[in-house]
Amino acid sequence: MSGRNHYEVGQNRRPPQGFGPGGRPPMGAGEKPKDFKKSISELVKHTEKYKKGLIAAIVLALAGTAATLAGPDMLRLVTDEIVSGLATSINLERVVLLCVVLLIIFAVGALLSFLQGWIITTVTQRFAQDLRAEVSRKINRLPLKHFDRATSGDILSRVTNDVDTIATALNQSIGTLAASITLLIGSLILMLITNVLMAITAVVAVFIGFILMGIIMGKSQKHFVGNQKNLGDLNGHIEEMYAGHTVVRAYNAERGAISAFDEINDRLYTSNWKSQFMSGLMMPFMGFIGNLGFVAVCVVGAVLVINESISFGVVVAFMLHIRNFTQPLGGIAQSMTAMQSAAAASERVFEFLKAEEMANESAKAMLLAEADVRGDVDFCNVVFGYNEEKTIIKNFSASIKAGQKVAIVGPTGAGKTTIVNLLMRFYETNSGEIKIDGVPISEMTRENVHALFCMVLQDTWLFEGTIKENVIYSKSGVTDEEVKDACKAVGVHHFIRTLPSGYDTVLGENINISAGEKQLLTIARAMIENAPLLILDEATSSVDTRTEVLVQRAMAKLTEGRTSFVIAHRLSTIRNADVILVMRDGDIIESGSHDELISKNGFYAELYNSQFEDALTA
């Protein structure tokens, strides 16, 4: 991802809308509330792989609930035994036996609940781990045009925040929901068996609670969706502002950045407050309804005891039944709140996983081995546009021979970087064909095409790791001597030796490396790659004149024996190119060597002379 961001955002590409002043509109603005049932249904389908673990957790939850349901009847027996013995004598042995059985039942219930919690935690975290891996793999299967419409911060939010929200919700809700529903139904059955009148009293109160819970859920779901969207927006803004903090400060854009942050933060606060407030109403409502039912049952039970319709032990048992009957309402309310968050998060994650992927190339048999590639490249009537409304490259044709150094020049927006994007198959042509050694690259896999190129880009991408790891990067079987030879060839070996740990120095904030030194390291990386074709995209544009000489020497070594494509604005750096392709408005308007183009006194000569005049003026 990092390499893509540093390279493919070219001059001709329509940039993604940002979060700065005048940035993109809120992602959640004007969207319809998502379908809760559909989102949960997709989530359930996605957990098919973990069905056995989930079933085991649910079974344990049901068994633990059964133990809980058995408690009130045992307590009724103990109470009746004590009450009946008050007139004569209490059978302590029987009371103790019943209490021991009651303790065993409660202990078994606690053990089952522990096992259920262990299993559900393991399953949900494994699910989250696999879901993150699936999203990560999906990123590599998406065409780059997909990322034109999204920010890296929003994508990262889906991988981290949304997946964590799903895992947490499943962990909190699956076992709780199964146990709560079982406890609710079991308590209802036992209450009906114990006394129908008191059971009806409790059911009426709870029925009111369910109606209120349904209304609250319907009102709060859209706020949960907005909350996840706004969280993704906030992550995207922070990531963008942090990456470009130097530019923000240089242009005194702090107020605009802070204003944009405050706007997104306010939206997040509003959606989060509304979702949490409305979902938070469930617990107080359920508690009130439960207490109302408890009081009603107490009154009805007292009347029945006075009328000698039931024993006092029945009332005691029923008090526990009503507690077991109303207690699940809080668990159900909490679980449904968690599932609302899960539905909103899963909608975003599965939307990303359903995005259109690049074509499957497993059936392609054409393969060009690096060692056998000569380096002939042909562009045949290539037409391309990043979107249907605007064509960038218009009927582009060129023939480059093996070993030639080809410079692509032209004004901003001419299509220079786009040509390289197409050559690397970062994008597919609308029509026309690009061939390497006569083989259309469309008949080759992308991995095969990428393996034929080494690249040195304008933006020097180095990751946090040792210098040796950065130079080797994804190449395998590279020896330390080969790394040193490459660094010596580009003139950066002496600098590396001055670092605290030499080639094992970890590049980080505590290691100060200039832009030129970074560029030389990326050239050494390209030497290690040792691919038959080379792309140099403005490789000297960010270094000073003295460092440019070092970089030019290093690039001269790198281009030996390779077909090279050089994109440059400094025309003085490509005077020795074998072929110079001059582009304007997506077409080649001139081609030839430097001397030939100067003698034509055309557009290239105008560009070159204007830079020369600017240098003299400066």
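**Surface, burial and aromatic pairs in the predicted model**

The protein chain exposes about 30,700 Å², and carbon and sulfur atoms supply 58% of this area. Accessible areas come from the Shrake-Rupley method with a 1.4 Å probe; for residues, only the protein chains shown count as cover. The model is predicted: local features need pLDDT of at least 70, side-chain atom pairs count only at pLDDT 80 or more, and totals for chains, interfaces and linings use all residues. Residues are numbered from 1 along each chain as its sequence is written, and side-chain values use heavy atoms, with hydrogens and water left out.

The protein chain has 20 helices and 10 strands. These are DSSP runs, numbered from the N terminus (helices: H or I, at least four residues; strands: E, at least two). Of the 618 residues in the protein chain, 47% are buried. Buried means under 20% relative accessible area, exposed over 50%, and partly exposed in between (1.4 Å probe, protein chains only).

A nonpolar patch on the surface is formed by V96, V100, I104 and V108. Together they have about 330 Å² of accessible area. Patches are made of residues with over 30% relative accessible area and no salt bridge; like charges are joined within 9 Å, nonpolar side chains (Val, Leu, Ile, Met, Phe, Trp, Tyr) within 5 Å. A salt bridge is a side-chain nitrogen of Lys or Arg within 4 Å of a carboxyl oxygen of Asp or Glu. I104 is found in helix α4 (residues 92–141).

Helix α15 (residues 480–490) has V483, A486, C487 and V490 buried. Seen down the axis of α15, its buried residues fall within an arc of 95 degrees, so they line one face of the helix. The arc is that of the directions from the helix axis to the C-beta atoms. G491 follows α15 and has a positive phi, near 80 degrees.

Nine aromatic pairs are found in the whole structure. Rings of Phe, Tyr and Trp (its six-membered ring) pair if their centres lie within 6.5 Å; planes under 30 degrees apart count as stacked, over 60 as edge-to-face and the rest as tilted. Y50 and F127 have ring centres 5.5 Å apart and planes at 90 degrees, so their pair is edge-to-face. Y50 lies in the loop between α2 (36–46) and α3 (51–85), and F127 in helix α4, so the pair ties together parts 77 residues apart in sequence. Y50 counts as buried at 12% relative accessibility, as does F127 at 3%.

Y604 and Y608 form a stacked pair, 6.3 Å centre to centre with 20 degrees between the planes. Both are buried.
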